[in-house]
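Trainee: Please give me a close look at one part of this model. I would like to start with the backbone and then follow it to the contact between the chains.

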2 protein chains.
Amino acid sequence: MTQTKIQPETPTCNGPCCKAARKYCAHRDATVEQTWPGLHETVLSWGPLPRNVTSLPKRIMSEREIVITEKTPETLVAELAQGELKSVDVARAFLNRAALAQELVNCITELLPDEALQRAQQLDDYFQAHGKPIGPLHGLPISVKEHMAMKDKTHDAGWCAWAERRAEENSHILDILWNAGAVFYARTTQPQALMQLETDNNLTGVTVNPFNRDLTCGGSSGGEGALIGFRGSCLGVGTDIGGSIRSPCANQGLYGLRPSALRLPLHGKGAIMLGNESILGVIGPMSTSLEGVKLFVKTILAAKPWLREPSLLAMPWRDDVSHFPSQNDRPRIRVGVMWNDGVVQPHPPIRRAMETLVQKLEKVDGVELVPWKPYKHAEAWQIISQLYYVDGGATLRQTAAESGELVLPMTEWILSQNKNNGRVLTPSEIWTLTRRREAYRMEYADHWNQTATETGDEANPVDVILCPAGPGAAPPHGHARYWTYTAVWNLLDYPAMVFPVTAVDPELDQPAVDFMAMNYEDEWNSRIYKPELYADAPVSLQLVARRHQDEKVVEALEYLQQYF
Amino acid sequence: MTQTKIQPETPTCNGPCCKAARKYCAHRDATVEQTWPGLHETVLSWGPLPRNVTSLPKRIMSEREIVITEKTPETLVAELAQGELKSVDVARAFLNRAALAQELVNCITELLPDEALQRAQQLDDYFQAHGKPIGPLHGLPISVKEHMAMKDKTHDAGWCAWAERRAEENSHILDILWNAGAVFYARTTQPQALMQLETDNNLTGVTVNPFNRDLTCGGSSGGEGALIGFRGSCLGVGTDIGGSIRSPCANQGLYGLRPSALRLPLHGKGAIMLGNESILGVIGPMSTSLEGVKLFVKTILAAKPWLREPSLLAMPWRDDVSHFPSQNDRPRIRVGVMWNDGVVQPHPPIRRAMETLVQKLEKVDGVELVPWKPYKHAEAWQIISQLYYVDGGATLRQTAAESGELVLPMTEWILSQNKNNGRVLTPSEIWTLTRRREAYRMEYADHWNQTATETGDEANPVDVILCPAGPGAAPPHGHARYWTYTAVWNLLDYPAMVFPVTAVDPELDQPAVDFMAMNYEDEWNSRIYKPELYADAPVSLQLVARRHQDEKVVEALEYLQQYF
């Protein structure tokens with residue numbers, strides 16, 4: 001049993017932020033109560049919760065609803081399209097499980113029982129009338145991170161000052177998902193400023209990890225991560241500018257894709273620094289299955305979103321042909337293996353996951369493993385941590401000041417990484433930094449090209465990089481400091497997928513007796529690892545391809561994982 | 001006969017700028033003298049030059065060299081690849097004609113006789129040894145705008161302060177052209193700050209139009225325009241951020257493509273504001289033929305430049321299939337016809353060119369003409385003219401101040417268009433402006449989508465827009481003020497091609513007696529038009545497609561121009 005509270009302290013002060021938060025949480029709680037009357041009291045009656053709450057649905061949910069919510073997206077859409085499942089039943093099941101998730105891990109900003117059940121009924125009616133689904137996502141419940149605009153709903157991005165703001169229109173991506181048949185039923189939590197690899201803000205408090213509530217769910221799409229990890233959703237919409245899709249996917253053992261920038265629609269994303277193009281955020285899918293990820297991107301790109309949102313690349317999903325040459329009827333895939341990034345050595349469970357996969361892949365015909373030497377990842381962090389806040393954090397602090405809310409410790413942490421000491425850069429300084437970013441990208445490309453040449457095959461350079469998704473499994477709250485395992489690929493704009501491998505096993509994953517820290521960060525990271533503290537935490541890894549090779553990284557993972 | 005001087009005044013003051021300019025021009029003149037000894041004196045001996053100097057090569061060049069230099073790029077590469085022409089002879093012919101161009105229109109920063117003839121000999125040797133060309137551009141002379149880096153050569157972008165600067169490496173695009181067999185032999189002039197639709201700087205003075213020396217060659221790739229217009233080159237490398245490829249192509253009756261941003265390599269471009277991504281410049285081809293344009297882009301993209309320069313789109317040239325549906329074995333192409341942009345009405349010759357093409361296209365089976373209503377082009381100019389100088393012009397004025405050079409009138413003109421009165425914007429203000437840019441782009445996309453719907457065919461929206469390339473043919477020097485006919489497509493990042501239609505005919509192109517000005521700019525533009533002043537000026541038009549549809553705009557022009 002754990003001492004971590006079920007929910008964060010109810011805000012009690014009388015400042016505008018706490019007032020806003022009380023109202024905000026009261027609305028959320030009302031939507032939970034409406035969804036599942038009496039649930040809150042029931043969960044309270046259980047007393048202290050176990051660290052791992054993933055088995056609790058069995059205690060209170062019907063067998064049928066458990067079965068439904070544990071199906072993958074591709075199974076659900078297939079059964080819905082065959083009429084084997086009704087959309088209303090599926091929506092009901094996910095609403096219930098999401099309500100329970102909120103009680104156990106605090107991942108919801110609001111549930112949408114009325115809208116979801118009405119939509120589901122409409123889809124069932126359509127199916128009955130036409131004998132076919134309305135689109136490729138017919139009846140599929142999809143959860144959405146709060147800062148993606150939904151018309152007339154909150155659009156606060158976790159800011160107290162924005163708690164009363166309502167969206168004027170839907171996000172572009174939600175329109176497409178809707179037209180494909182999706183059912184929106186749950187909106188999820190995010191950290192202050194959307195810039196933590198944890199999820200804590202002054203409106204909704206801390207979201208915790210369902211596999212181990214002493215650990216963070218990750219962030220910034222942490223509400224999605226916790227909800228999907230708990231199987232209160234099977235497919236969700238996240239966003240990522242430094243790891244915000246991949247960190248929560250890794251922390252909950254999910255599949256998550258950070259696509260190349262400007263492939264999936266962004267319009268409708270709420271954030272304080274919209275228009276800042278120094279480093280581009282992306283939207284992407286988080287799912288219980290790889291097929292769910294594919295279903296998402298293929299549905300979105302089939303709608304040609306660039307015709308409405310012309311900042312996007314006019315680039316369809318190109319999986320009509322394989323991205324790998326064939327050799328003896330099997331694809332030939334060269335995998336660069338990056339054990340660590342040269343700065344921080346991942347914890348033992350990550351090392352074990354890497355070893356496991358490498359041992360398996362070594363035996364696969366057509367798969368070649370080559371060592372991947374990280375290229376100046378410390379410098380990458382220097383660059384991107386400045387690009388995040390070319391205004392020195394002025395906009396952030398101003399937004400916090402509007403309601404008097406505290407700038408939270410993990411938000412301060414990322415601001416502290418910016419080497420300009422909070423100074424607002426001039427345009428000319430921003431251009432200098434941008435040139436440094438571009439130079440780094442060219443150097444990395446050169447490094448990739450050179451790596452290929454050294455191994456003697458110019459025609460088939462390294463296809464994908466297999467590497468950790470972070471310096472460890474989900475860390476204890478307040479400890480997710482080292483972003484570079486994910487953020488380096490944001491700086492380079494490489495597509496990256498996170499996928500589950502195993503879970504922390506305190507017996508197997510003892511600290512190495514011969515560990516030697518390479519530097520301060522490495523030392524710090526090693527010290528936070530205590531096997532028992534991390535028990536049950538999912539262990540995930542990351543697969544990365546070159547820019548715009550999103551289809552390639554998905555195809556590679558699809559092929560390779562049959563051997564995992 | 002005209003009073004326009006053959007060359008600008010030799011700078012005579014003793015400031016650092018004039019000293020730099022004298023040295024700079026002396027070097028240029030030496031390369032001309034080396035290329036064609038005695039040419040300068042010969043041309044001087046002719047006395048006052050005619051306004052139209054395009055027939056002068058016949059007076060002094062051999063018939064064979066005239067024939068060679070008036071071939072299109074596709075003919076040249078075909079004959080070179082067959083061994084019917086020698087690379088050395090072709091290089092020699094273009095060097096000579098470029099030398100003459102310099103004497104007549106002042107379009108060269110330096111000729112490269114040694115390098116070019118040596119390279120050509122190397123290619124001839126290769127051909128003799130292997131019996132085949134080295135690549136798709138084997139032996140083709142290509143001229144290059146000066147600010148594209150050539151290792152160890154000047155890299156001044158027209159700035160006195162940079163006159164001594166030498167490039168450390170080649171531009172990426174030049175490496176690719178070189179590998180394909182190109183011969184670099186001439187480097188061309190550009191205006192101060194690269195931000196005029198004319199060509200005037202304090203190092204090399206004014207470049208004039210070979211068809212009418214009282215008119216501007218356009219800019220900023222004006223040296224290329226004048227040189228290719230004079231047939232001192234058949235294919236050149238230009239750059240465009242507001243019309244800088246299309247203005248000189250239009251002014252000299254050439255084919256020029258402004259590709260979508262980030263399709264062709266930029267690395268090696270010299271400019272004072274590198275790293276400014278508020279509005280992206282592009283590199284593109286300028287040629288005497290449409291095939292020349294295609295040859296250029298296909299050669300570049302076949303080299304997969306995104307693997308070296310990862311800011312580029314990983315998007316090959318996609319012309320393996322038609323971009324138009326077929327109807328009765330003919331492509332079905334819907335052309336939006338924009339007679340004017342709702343702000344400034346083009347001069348009579350442009351109107352006549354539009355009328356001519358519309359009359360011809362109306363008769364073509366499968367071609368549908370629909371009216372194109374310009375969407376807030378005045379607002380587009382408000383936005384882009386601010387995006388050009390988010391630093392209020394500080395960097396520009398500082399660079400001018402370094403050598404004490406004058407900020408020239410046409411440079412002051414573009415700065416004056418920025419509504420922020422020279423103020424340096426904060427990051428937050430830049431983001432606001434960027435959001436306005438994005439909003440405009442989405443509105444224009446919506447406008448495009450709506451236009452299609454109104455004409456009753458959702459499946460085939462308007463394919464391309466036919467419109468003027470400017471408010472008139474090449475204007476007199478100092479009068480190229482109205483950029484919006486080209487710059488709106490930069491703001492939208494739409495690919496746009498300029499192509500020749502006719503030439504100004506003072507008899508046919510009299511001012512309309514019933515002209516009514518819509519506003520001050522329109523009035524001003526109408527007043528500068530005097531038919532006799534514009535005599536012989538080429539008249540060109542523009543074809544535009546949606547973002548990333550570069551292949552489509554090229555295919556459309558290729559098909560349509562058989563009916564012109």
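**Loops, then the interface**

Mentor: D536(B) counts as partly exposed, at 38% relative accessibility. Buried means under 20% relative accessible area, exposed over 50%, partly exposed in between (1.4 Å probe, protein chains only). This is a predicted model, where local features need pLDDT of at least 70, side-chain atom pairs count only at pLDDT 80 or more, and totals for chains, interfaces and linings use all residues. Residues are numbered from 1 along each chain as written, chains are lettered from A and ligands numbered from 1 in written order, and side-chain values use heavy atoms, without hydrogens or water.

D536(B) is not a glycine, yet its phi is positive, about 75°. It sits in the loop between α18 (520-527) and β17 (538-544) of chain B. Helices (H or I, at least four residues) and strands (E, at least two) are DSSP runs, numbered from the N terminus.

D493(B) also has a positive phi, near 55°. Its loop runs between α17 (484-492) and β16 (496-503) of chain B. D493(B) is buried, at 4% relative accessibility.

Chain B has a cis peptide bond from G219(B) to S220(B), with omega near 5°. S220(B) lies in the loop between β7 (212-216) and α9 (222-229) of chain B.

Now the interface. There, 35 residues of chain A contact 35 residues of chain B (heavy atoms within 4.5 Å). The rule finds two salt bridges across it (a Lys or Arg side-chain nitrogen within 4 Å of an Asp or Glu carboxyl oxygen). E277(B) pairs with R437(A) in a salt bridge, closest N and O atoms 2.3 Å apart. On chain A's side, helix α16 (residues 427-454) gives the most, with eleven residues.
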